[in-house]
Amino acid sequence: MSVNTPATPGGAPNASLRPLRKPRRDWMGLLYVAPALALVLVFFLVPLGMTAWMSLHNWPLIGVPRWIGFANYRALWNDINFWNALAFTIRYTIAATIGLMLVGFALALLVEKPRPFAGFYRTAFFLPVVIGFASASLLWSWLSNVDSGLFSPLAEALGLTDGRLNLLATFAPAFWSVTAMVIWKMAGFYMVILMSGLHSIPADFTEAARIDGASALQRFRFITLPLVRRPFALALILCVSGSMLAFDQFYIILAGGPQNKTITAVYWIFSQSFVSFRLGYGAALSMVLLAILVVLSVIQLRLLGDKETAR
Amino acid sequence: MTMTATLPVTTSAPARRRGNARLYRVLFHVTGLLVALLFLAPIALVLLASFRPPAMAGHGLLSVQGLGFGNYGRLEDFGAGILHYAGNSLFVAVATAILTVVVSVFAGYGFSRFRFPFKSVAFVLILSTIMVPFQSILTPLFLILAKLGLQNTLSGLVLIYVTLQLPFSVFMMRNAFDAVPKEIEEAARIDGVKGLRSLIYVMGPLVFPGIVSVGLFAFLNAWNEFLAALVLLTDQDRYTLPVLVTAVRSGHYGSVDWGAVQAGVTVMMIPCLLLFLALQRYYIRGLTAGAVK
């Protein structure tokens, strides 16, 4: 082989070799992607099918599953706890998405241009992103603790509250405390995504507009905003689907409390499946959540009118 | 006379602009510093608090009296000891990173360089897994691991984490291989380097930045993942750090050892921060690869 090939500089002999080699190479390609496909098959496709199958059964942890048709879905329709959890999840998603997009975009605008120390600021804003949600939640549960934490004593010292206010005892402060944690932890992430959009705007656009006499505000409104739509769409989809699946922070910081008002959709699925061990019912809940997420993604893609970002 | 009168007029505009620029610069740095402080404060506070003895906990968040490793010591007495759980987490994270890199390098190479039946279907299938949250297929995963005899094992958790990393990693590696000119591989083949050896010795160094990004994300995500570990690991000795420290936070008889929690949070946090600071370039590249493409 190695003796032959240098002797054939033209295309003709090579071309005659190719049909011989091709069938083998076909299988080679499949061989290379086989491990990835096997994992996706066993740990994604099969479980996805099983979720649909299980949702039609009464499926206890121990014992024989029993076919019950759509009874789980009928039960779900009347499950006020699930709808409350879903309503709470949507409320949290709206708050977190608005907060993250605004803060992320503000941070991106702040450090977008290469100035001295801009890199340092970017890194500082981004650091909370790399610590996990569980770490951040545990850290926040300490900071929000009424006795040994930061917020309650600080508010008292600043004279904002009379005495110590237990942030986690009532719904509104507990909700906003967790939302603040998520904004603190994730704003840097959206900053980077939106910044990559700002950087992809050609400098001549803004330059030309400046020469034509457009003010900074006009340049922002008519050049920056329309051109960051793609990364904005991506950021929005990531943010909404991520928030709809929130679990760690509400489980760790609030344990669903106060008065079970902060149970998210995933939390409810978790408690039905792995606390009450109603696996079939949990699967039915999962199917509904899955459908909602797919519909949400499609709607967002349509609204932002960009098929490319679907990726 | 006329000269001296016009001189201030001609210089005043640039001078004013320079003054404005300086004002902007000061404003920029004041804002930047304040916001940076806000973002770094929680991390710094927990780091400091993790070394503060419980007796000093009431003395304010900035007190530095009697700092020591007492909190970490008490964490070592919890269950099988913090080092054991850190070992669990390290095993899961490293195994996930290595396996993800191997699987996605092969898959990326296959998708980039070969033609085979159902190629585009397979690629779309792998990428589409990103649309379905793993939270919704957790119950069957639990049952499948049990069928495979992997229930309550760290290896089972690793396989699931690797699958979760695949859409990002395969996409990333396919693009990395696409960016390598075909001529380089041709030249290697003419020199007699083919197949796996060509992939490892010729292509490997060229796609190395992609490999680092993929490995880094896999490590960090596996190190930090909470829900799957909480559900799939039932034996306390198998816990990873996030599950363990959450158990520590739940406390004994209603009292919470916040010192131990702070130490646990620090142990979880520090590797992530160091890895990110060391490999920041690769992290950001991995993050923006999806946004730009």
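**Reading contacts, helices and cores**

Me: What share of the contacts in chain B with a separation of 6 or more comes from residues 24 or more positions apart?

Reply: Two residues are in contact when their C-beta atoms, placed from the backbone, lie within 7 Å. In chain B, residues 24 or more positions apart account for 75% of the contacts with a separation of 6 or more. Bear in mind that this is a predicted model: local features need pLDDT of at least 70 and side-chain atom pairs count only at pLDDT 80 or more, while totals for chains, interfaces and linings use all residues. Residues are numbered from 1 along each chain as its sequence is written, with chains lettered from A and ligands numbered from 1 in the order in which they are written.

Me: How many helices and strands does chain B have?

Reply: Helices (H or I, at least four residues) and strands (E, at least two) are DSSP runs, numbered from the N terminus. Chain B has 12 helices and zero strands.

Me: What radius of gyration does chain B have?

Reply: The radius is taken over C-alpha atoms, and the globule rule is 2.2 Å times the number of residues to the power 0.38. Chain B has 27 Å, whereas a compact globule of 293 residues would be near 19 Å. Its C-alpha trace spans about 95 × 70 × 35 Å along the principal axes.

Me: How many residues of chain B are in contact with chain A?

Reply: The size of an interface is often given as the accessible area lost when the parts come together. Counting residues here, 72 of chain B are in contact with 70 of chain A. Helix α12 of chain B (residues 258-292) supplies the largest share of the chain B side, 16 residues.

Me: Why is helix α12 of chain A, residues 265-274, largely enclosed?

Reply: A residue is buried if 20 or more other C-beta atoms lie within 10 Å of its own, exposed if 12 or fewer, and partly exposed in between; the C-beta atoms are placed from the backbone. Nine of the 10 residues of this helix are buried, so the rest of the structure largely encloses it. Among them are A:Trp268 and A:Phe270. The helix's buried residues pack against elements of both chains, including α3 (80-111) of chain A and α5 (138-147) of chain B.

Me: Which residues have the most contacts inside the largest nonpolar core?

Reply: A nonpolar core is a set of buried Ala, Val, Leu, Ile, Met, Phe, Trp, Tyr and Cys residues joined through C-beta atoms within 7 Å. The largest has 167 residues, and A:Tyr190, A:Leu194 and B:Leu157 have the most contacts inside it. Helix α6 of chain B (residues 154-178) gives the most to this core, 16 residues.
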